[in-house]
Amino acid sequence: MNGSVDRLLDVARLQKRYSSGTLAIEDVSLDVGRGEFVSIVGPSGCGKTTLLKTICGLLRPTSGSVTLDGKLVTAPPPEMALVFQDYARSLFPWLTVAGNVAFPLKRKLAPAMRARAVDAALAAVGLADFAARYPWQLSGGMQQRVAIARAVAFAPEILLLDEPFASVDALTRADLEDLTLKLRADLGITMLLVTHDIDEAVYLSDRVFVLSPPPSVVVREVAIGLPKPREQERTRSDARFLGLRNEIHHMIGQPRPVN
Amino acid sequence: MKRTGLGIATVVVLLLVWEAVARAKQSLYLPPVSTVAVTFVHEWFSPQFVAEAVPSLVRMFIGYLVAALFGTVIGVLIGAYPPLYRVVDPLLQFLRAIPPTAIIPVAILLIGIGDGMKILVIAFGALWPILVNSADGARAVIRERLDTARVFGIGPVATLLTVTFPSALPGVFAGLRTGLSIAFIMIVVSEMIGSTNGLGYYILQAQRTFAIPEMYGGIVLLAILGYGLNAGFVAVERRVLAWHYGQSARA
């Protein structure tokens, strides 16, 4: 499918069973090309967060493997960053906005370089004027921008996003989606998004992997051939957009494939 | 502002009642508040403050500092490692249930009645609330914050210092506050049992020699010191935990 593109991330026959015995992920294989935007969609509670945590090395797979740039992932690799769904739980309330963004850079960069990286990351998400504030003084959408800036400042090859826009209102959500697309275009970061929102996945992605209800398997891989740059109104009213979202909706409702 | 006014008025009324009752009864054991006040000024605006109050405060601060240091460090470490917490929790609950005054005889037996004994019992009394609350604070660290540190390649020691410890601070301060009031109680009790100076000794000595206004004056001084210590503590807490209160106010 994606042979011509340089493969950055390769997830092969991943299985994850909790210590309780529950099988969360049965068999998931997927790949992400360098510079690509890939989404994983599935119904709520289908183990998407578990999948993402396993991919980034926070959890060990029961079997199968995750390879990043040809190296087996056994612990969080320095080329990878993760944005969590709940900014209020992932940001540090005792640090200022700038302090939060500088957090992952403490050992990576010298102080002068660090300050520059923080400024650049905050400017990239439109929060240059809020460096001295505390996250809890900002709106939800702005807090998620801080979390995104923190991940971007880390300068990852690939950014994993775990339902990053699920806790904000619809307008803010559209803003953050476009911000993500802009960051990807400007900085060339590869994106892997997990979401239960089909429209969002279609709008943002080059390819979408559709997951079954748990234990998860990949139901289908869908190439999104929509023209770029994407624009909220134009893209979402495109007949092909509607066709793709209906197709994926239909797949999610379907029973799991038999092997 | 209005509440503060009412609060002061209440104190003034109570003092007037004390004065009136004392004058009416003419009892040796209940001198008028005006007599107590005169004695207080005479006794404490004098070198006596250095002789009696300063030793008490110094012992208390050393004992409290020891308790704060060990309680916070050990508490946060225990709370940061759930398997360790499960092992030591029953022991901690048992030790903290001992009224600290009960170990005074043990301390006297082991190290005599000197300053060491007083510092030990103060530290022992203040240690448990600080330790247990610090452990609870560290246990309350949010999973996503630890995961964030791991994703960004922050090592376990740095994570403990920069994520778990700040997360535990609200618990640490809850413990420090309880510990401070226990330390204050323990200094008075320990000085009443075996001492030749200090406020606890002074109050007991005044009572035994029928220096009743002096006895009340000593208690008033304790009240003032306790109030001041607590106010100072709250001021520090408000500063250090500004982020915590700010965040809670928004939530």
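Let's start with a pocket. In this predicted model, the lining of the largest pocket has 10 nonpolar, three polar and three charged residues.

**The largest pocket**
- The volume of the largest pocket is about 370 Å³.
- Its lining is made up of 16 residues, and those nearest the centre are Ala80(B), Tyr81(B), Leu146(B), Thr159(B) and Thr164(B).
- Four helices of chain B, namely α3 (48–80), α6 (115–139), α7 (143–151) and α8 (156–193), each give at least two residues to the lining of this pocket.

**A closer look at Ser167(B)**
- You will find Ser167(B) in helix α8 of chain B.
- Is Ser167(B) buried or exposed? Its relative accessibility is 15%, and buried means under 20%, so Ser167(B) counts as buried.
- Leaving aside residues up to four places away in sequence, Ser167(B) touches Trp94(A), Gly137(B) and Val141(B).

**Chain A as a whole**
- Chain A contains nine helices and 10 strands.
- The C-alpha trace of chain A spans about 55 × 45 × 35 Å along its principal axes.
- A compact globule of 259 residues would have a radius of gyration near 18 Å, and chain A agrees because its own value is 18 Å.
- Of the 259 residues in chain A, 52% count as buried.
- Among contacts in chain A with a separation of 6 or more, 70% join residues 24 or more positions apart.
- Chain A has an accessible surface of about 10900 Å², and carbon and sulfur atoms account for 53% of that surface.

Note on methods
Residues are numbered from 1 along each chain as its sequence is written. Chains are lettered from A and ligands numbered from 1 in the order in which they are written. This is a predicted model: local features need pLDDT of at least 70, side-chain atom pairs count only at pLDDT 80 or more; totals for chains, interfaces and linings use all residues. Side-chain values use heavy atoms; hydrogens and water are left out. On a 1 Å grid over the protein atoms alone, a cavity is a set of points where a 1.4 Å probe fits but cannot get out, and a pocket is an open set with protein on both sides within 12 Å along at least five of seven lines; lining residues have an atom within 4 Å of a point. Grid points are joined across faces, edges and corners, and a volume is the space filled by probe spheres set on the points. Ala, Val, Leu, Ile, Met, Phe, Trp, Tyr, Cys and Pro count as nonpolar, Asp, Glu, Lys and Arg as charged, and the others, Gly among them, as polar. Buried means under 20% relative accessible area, exposed over 50%, partly exposed in between (1.4 Å probe, protein chains only). Contact means heavy atoms within 4.5 Å. The radius of gyration is taken over C-alpha atoms; the globule rule is 2.2 Å times the number of residues to the power 0.38. Accessible areas come from the Shrake-Rupley method with a 1.4 Å probe; for residues, only the protein chains shown count as cover.
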